[in-house]
Amino acid sequence: MWRMVNKPRRALVSLVAISLSLLCYARAEDNLKSLVEKAFDLHQKGEFSQALPLLHRAYELAPDDYFVNLLLGIDLLRTGQPKSAVSLLKRASRLKPKEDFPLDYLGEAYARQELYGDAADAYIKAVDVAPGASESSVAFVDFALSRFASISELLRST
């Protein structure tokens, strides 16, 4: 008798638990979307430092989200933290291997750390991924010209 009464109760408890889980998941997704929208708004205004806490929270909710990794990487780069940006930009480039944007920013992050070989590799990959994209080609040319200018300056000073 106890088993018969308990089965409907267990089913009801399971149903409630599943419903609550789905509700929490939906709220987390809404929260993620809200965080990213607010952070992106700040990003577009150039308020990178203010966007970072929101992006860090979004990253905790969705560490494999392409846009979260890309925005967090860019904003870290824009706030003078290129070393911290590298892993996020690498992940973004792995999540969307056909996108050149994370690779362009990855090249910039490496260049700011004076890791010029890695920077050149990232820029070349960006051009290979999107051969028709002028932004990637221009970023690579800018990097190459800047690097050539600094080498030229160094040679002249010796």
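Glu108 is buried, with a relative accessible area of 18%, which falls under the 20% cut-off for that class. This residue sits in helix H5 of a predicted model. Leaving aside residues up to four places away in sequence, Glu108 touches Leu77, Arg78 and Tyr123. The protein chain has 7 helices and 0 strands.

**Overall make-up**

- Along the sequence, the protein chain reads α-α-α-α-α-α-α.
- The chain has 158 residues, and 32% of them count as buried.
- Among contacts with a separation of 6 or more, 48% join residues 24 or more positions apart.
- The accessible surface comes to about 10,400 Å². Carbon and sulfur atoms hold 59% of that surface.

- Helix H1 covers residues 2-44 and includes Asn31.
- Asn31 has a relative accessible area of 38% and is therefore partly exposed, since that class runs between 20% and 50%.
- Asn31 and Arg57 are 26 residues apart along the chain. Their C-alpha atoms are separated by 9.6 Å.
- Helix H2 spans residues 48-61, a run of 14 residues. At 1.5 Å a residue it should span 20 Å, and its end C-alpha atoms are 20 Å apart, so the two values agree.
- Ala51, Leu52, Leu54, Leu55 and Ala58 are the buried residues of H2.

- Helix H3 has 13 residues, 66-78.
- H3 is mostly covered, with 11 of its 13 residues buried.
- The buried set in H3 is Tyr66, Val68, Asn69, Leu70, Leu71, Leu72, Gly73, Ile74, Asp75, Leu76 and Leu77.
- The axes of H3 and H4 cross at roughly 155 degrees and come within 8 Å.
- H3 and H4 are therefore roughly antiparallel to each other, because angles over 145 degrees fall in that class.
- The crossing of H3 past H4 is left-handed.
- On the H3 side, the meeting residues are Tyr66, Asn69, Leu70, Leu72, Gly73, Ile74, Leu76 and Leu77.
- On the H4 side, they are Pro82, Ser84, Ala85, Leu88, Leu89, Arg91, Ala92 and Leu95.

**Helix H4 against H5**

- Helix H4 (residues 82-95) packs on H5 at an angle of about 155 degrees, with the axes 9 Å apart.
- That angle makes H4 roughly antiparallel to H5.
- H4 passes H5 in a left-handed crossing.
- H4 contributes Pro82, Val86, Leu89, Lys90, Ala92 and Ser93.
- H5 answers with Pro102, Leu103, Tyr105, Leu106, Ala109, Tyr110 and Arg112.

- Helix H7 has 24 residues, 134-157. At 1.5 Å a residue it should span 34 Å, and its end C-alpha atoms are 34 Å apart, so expectation and model agree.
- Ser136, Phe143 and Ser152 are buried in H7.
- The buried residues of H7 pack against helix H5 (101-112) and helix H6 (116-129).
- H6 and H7 pack at about 155 degrees, and their axes are 8 Å apart.
- H6 and H7 are therefore roughly antiparallel to each other.
- Their crossing is left-handed.
- H6 makes this contact through Tyr116, Ala119, Ala120, Tyr123, Ile124, Ala126 and Val127.
- H7 makes it through Ser136, Ser137, Ala139, Phe140, Phe143 and Arg147.

**Val141 in H7**

- Val141 is found in helix H7.
- Its relative accessibility is 43%, so Val141 counts as partly exposed.
- Val141 and Tyr123 are 18 residues apart along the chain. Their C-alpha atoms are separated by 9.1 Å.

How values were computed:
Residues are numbered from 1 along each chain as its sequence is written. This is a predicted model: local features need pLDDT of at least 70, side-chain atom pairs count only at pLDDT 80 or more; totals for chains, interfaces and linings use all residues. Side-chain values use heavy atoms; hydrogens and water are left out. Helices (H or I, at least four residues) and strands (E, at least two) are DSSP runs, numbered from the N terminus. Buried means under 20% relative accessible area, exposed over 50%, partly exposed in between (1.4 Å probe, protein chains only). Contact means heavy atoms within 4.5 Å. Accessible areas come from the Shrake-Rupley method with a 1.4 Å probe; for residues, only the protein chains shown count as cover. The expected span of a helix is 1.5 Å times one less than its number of residues. Axes are lines fitted to C-alpha atoms, for helices over the stretch in contact, and angles run from 0 to 180 degrees between N-to-C directions. Angles under 35 degrees count as roughly parallel, over 145 as roughly antiparallel, 65 to 115 as roughly perpendicular and the rest as oblique. A crossing is left-handed if the near helix is turned anticlockwise from the far one by less than a right angle, and right-handed if clockwise.
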